[in-house]
Amino acid sequence: MSTATFVLAASSSEVINVIAAFAGGLFIAGALVCAVVFGMRVQDRELPRPLSKEQPHLPETGPVREMREMREPDELPVTADEEERLMPYQLHHSGSRRGEDQHRKRWLPGSSGGFGSGGLGHV
């Protein structure tokens, strides 16, 4: 190979592209290394993780269970005059009370499903 061939190869854009790609890769790798080092420094400054004895534990009585009950709506008070409207101070805070019948209502085979469910409806 002659010197002219090497000069031509060195001045071609392919070599410049390879050098630029290598330099870009080095820059990205260096940035990633710096990010990892920065993250390790931040993590060293954080509070230590709590020990197992500092973790919350279940109560001695065991886990707390939810209580299910059937509720009934409270009836609105009847006004003396049917045309008179109820004012907010005439209503009480509780919107429902514990029902007498605590058995869950179940789906009946002949009844319809929800609105738009495609059921036949009441047959």
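**Legends to close-up views of the predicted chain**

**View 1. Helix α2 in the open.** Of the 33 residues that make up α2, the number buried is zero, so this helix lies largely in the open; buried here means under 20% relative accessible area, exposed means over 50%, and partly exposed covers what falls in between, with a 1.4 Å probe and protein chains only. The model is predicted, so that local features need pLDDT of at least 70 and side-chain atom pairs count only at pLDDT 80 or more, while totals for chains, interfaces and linings use all residues. Residues are numbered from 1 along each chain as its sequence is written, and side-chain values use heavy atoms, with hydrogens and water left out. Helix α2 covers residues 13–45 and reaches 48 Å from its first C-alpha to its last, close to the 48 Å expected at 1.5 Å a residue, where the expected span is 1.5 Å times one less than the number of residues.

**View 2. The chain as a whole.** The secondary structure comes to two helices and two strands, which follow one another from the N terminus as α-α-β-β; helices (H or I, at least four residues) and strands (E, at least two) are DSSP runs, numbered from the N terminus. Of the 123 residues of the chain, 4% count as buried. The chain exposes about 12,400 Å², of which carbon and sulfur atoms supply 62%, the accessible areas coming from the Shrake-Rupley method with a 1.4 Å probe and, for residues, only the protein chains shown counting as cover. Among contacts (heavy atoms within 4.5 Å) between residues at least 6 apart in sequence, 44% join residues at least 24 apart.

**View 3. A nonpolar patch at the surface.** Phe27, Ile28 and Leu32 form a nonpolar patch, with about 370 Å² of accessible area together. Patches are made of residues with over 30% relative accessible area and no salt bridge, like charges being joined within 9 Å and nonpolar side chains (Val, Leu, Ile, Met, Phe, Trp, Tyr) within 5 Å. Phe27, which lies in helix α2, is exposed, with a relative accessible area of 65%.

View 4. Side chains of opposite charge can pair when their charged atoms come close. A salt bridge is taken as a side-chain nitrogen of Lys or Arg within 4 Å of a carboxyl oxygen of Asp or Glu, and by this rule the count comes to four. In one of them Glu66 pairs with Arg68, the closest N and O atoms being 3.0 Å apart; Glu66 counts as exposed at 61% relative accessibility, and Arg68 counts as exposed at 67%.

View 5. Glu69 forms a salt bridge with Arg71, with the closest N and O atoms 2.8 Å apart; Glu69 is partly exposed at a relative accessible area of 26%, and Arg71 is partly exposed at 43%. Glu69 also forms a salt bridge with Arg98, where the closest N and O atoms are 3.1 Å apart. Glu69 lies in the loop between α2 and β1 (71–73) and Arg98 in strand β2 (residues 96–98), so the pair ties together parts that are 29 residues apart in sequence. Arg98 is exposed, with a relative accessible area of 52%, and salt bridges that share partners join Glu69, Arg71 and Arg98 into one network.

**View 6. Lys105 and Met70.** Lys105 lies in the segment after β2 and is exposed, with a relative accessible area of 78%. Lys105 and Met70 are 35 residues apart in sequence and, C-alpha to C-alpha, 9.3 Å apart in space.
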